[in-house]
Amino acid sequence: SSGINAEWPLRPGENTFSEVGVALTLSCTVQGDAGTTITWTKTVEGVESNPTPETPTFPTSLETSSELRISSAQLSDSGSYKCSANFGATTVESTVATVTVLDIGISEDPVKIGFLAGEDASLSCKVKNPTDNPATVSWILATANGDEVVEDQYIQWANESPVGTSTLVYDSATHDNAGVYKCKADYTVDGKTYSRESTPVDLFIRELQQKLDEIALVKLPADTTKVFTCTYKGDDGIENIKWNLKKKKVPTGQKLR
């Protein structure tokens, strides 16, 4: 007797999920005469094509095996797959399995940024949305005792956008908010959880103190030297400090008061 059995990552007829860039192998084993011809069919929106499988193997005289290997899955590999075996004048088909390739992860990492103490500080990362179930995003702070989740956010995507933005905000930031952060996106698809993390990024909270000698009007004789100082206090170095000079025009014949 002749028969056919398609072996998949999940049982035939169920949805199979893969990820962009991940290798995917679909196997089909036919019970029947050796030398049976096996054909693969992929269907996307009613359009059929015939992917080229690896060279069939013959484990026993009564089995023929064929593998359809996708070395790096892409979105275009999504579709409905089945294999069929030809026994002379008879053709037997497997059940259909739907393969969905997911493009998940962080599309844009947060960037290193600094804020002044007392200002509102924020970090943002952009997260991909490949399914109808938006990801849950966690903001994680690296501490001496390990990673600490500081906030969980459930991101909603507007107008079916493929990318959503998660923003961590500190009102009136202090030095306690400074540190190394990353965002982590968790996706739940068909009962399985996929997780992706951004690259770590530094959040700096700076204190800027200005001290100007004699902030009131300073009268200086010509050709004399006066030193004004501006003191910076913060977590790291800065590139430069800019000074602004506002001149007061004194009309001819009048003295500066």
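Modeller: Let us begin with Cys-183, which is buried, with a relative accessible area of 0%. This is a predicted model, in which local features need pLDDT of at least 70 and side-chain atom pairs count only at pLDDT 80 or more, while totals for chains, interfaces and linings use all residues. Residues are numbered from 1 along each chain as its sequence is written, and side-chain values use heavy atoms, with hydrogens and water left out.

Colleague: Why is Cys-183 called buried?

Modeller: Buried means under 20% relative accessible area, exposed over 50% and partly exposed in between, with a 1.4 Å probe and protein chains only. Cys-183 has a value of 0%, so the word buried applies, and Cys-125, at 1%, is buried too.

Colleague: What makes Cys-125 and Cys-183 a disulfide?

Modeller: A disulfide is a pair of cysteine sulfur atoms within 2.5 Å, and the sulfur atoms of Cys-125 and Cys-183 are 2.2 Å apart, so the pair meets the definition. The pair links distant parts of the chain, 58 residues apart, with Cys-125 in strand 12 (residues 121-128) and Cys-183 in strand 16 (residues 179-189); strands are DSSP runs of E, at least two residues, numbered from the N terminus.

Colleague: Why is the disulfide of Cys-125 and Cys-183 called right-handed?

Modeller: The torsion about its S-S bond is about 125 degrees, so the disulfide is right-handed.

Colleague: How many disulfides does a search of the whole structure find?

Modeller: The search finds 2, and Cys-28 and Cys-83 form one of them, with sulfur atoms 2.0 Å apart.

Note on methods: Helices (H or I, at least four residues) and strands (E, at least two) are DSSP runs, numbered from the N terminus.
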